[in-house]
Amino acid sequence: MTRLLIVGATGLVGQHVVLQALADPRVNKVIALTRRPIPTCAKLENVVVDFADMPNEASWWSVDGVISALGTTRAQTRSGADYRTIDYEYPLAIARHARNHGAVRFALTSSLGADARSRFAYTRTKGELESELGKVGFTSLTIVRPSVLEGHRDQPRADEHMAQVIVKIMAPFLPRRLRVSPAQGVAALLIDGAIDAPPGVHVKTNTDML
């Protein structure tokens, strides 16, 4: 049985991750690290933290696998520094804490086109995070690179909605990896990566979704 730590549980992908993890018989405990409280149940523990001041020692760091669905966009942050803090520094700090307490598998929501050498801040930051996570020492690292995400957000993003519309119109002419990515499909890849992925680094895209 697996203990999972989930970060970004209130977001589009993260909500699906929590629901799927709670329904998965391979998982006996789900720990959701959030900035604000969420409903809990016998299988779900909610830990409310200040991501800028996370404790080095806490029992909930001791898990088998970690799923990071934490992220934002440049449009939603006040500055480039704030964006980098949320999308790069927080996930990396969480990965290091969990690894120091014995976690062996990590699954990350990244982005199609992630590249540390990209001239675009969004894909460059994702690529830099992927590279640094590879140095943390997890036995297994799963990187899911979705295209434009499809699903209901509590706080809709106008730019993302427009991108969904365009990609859907173009879908017949696009390879599968470039089409919209259902949030529940991304969540399923993350769950499998944090529970059953073999040793090594595994990069997943739309083509890996059922």
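User: Which residue in E9 does Ile143 stand opposite?

Analyst: Ile143 stands opposite Val203 in E9. This is a predicted model, in which local features need pLDDT of at least 70, side-chain atom pairs count only at pLDDT 80 or more, and totals for chains, interfaces and linings use all residues. Residues are numbered from 1 along each chain as its sequence is written, and side-chain values use heavy atoms, with hydrogens and water left out.

User: What makes strand E6 and E9 a pair?

Analyst: Two strands pair if DSSP finds at least two bridges between them, and five bridges join strand E6 (residues 140–144) to E9, so these parallel strands meet the definition. Strands themselves are DSSP runs (E, at least two residues), as helices are (H or I, at least four), numbered from the N terminus.

User: Why is one side of strand E3 and of strand E9 left without a neighbour in the sheet?

Analyst: The open sheet of seven strands has the order E3-E2-E1-E4-E5-E6-E9, with parallel pairing. Strand E3 (44–48) and strand E9 (200–204) stand at its edges, and each has a single partner strand, so one side of each has no neighbour there.

User: Why is Pro199 called exposed?

Analyst: Exposed means over 50% relative accessible area, buried under 20% and partly exposed in between (1.4 Å probe, protein chains only); Pro199 has 61% relative accessibility, so Pro199 counts as exposed. Pro199 lies in the loop between helix H5 (183–195) and E9.

User: How do you know that the charged end of Arg84 sits over the ring of Tyr88?

Analyst: The definition asks for NZ of Lys or CZ of Arg within 6 Å of the ring centre and within 35 degrees of the ring normal. The charged end of Arg84 is 4.1 Å from the centre of the Tyr88 ring, and is assigned as sitting over that ring.
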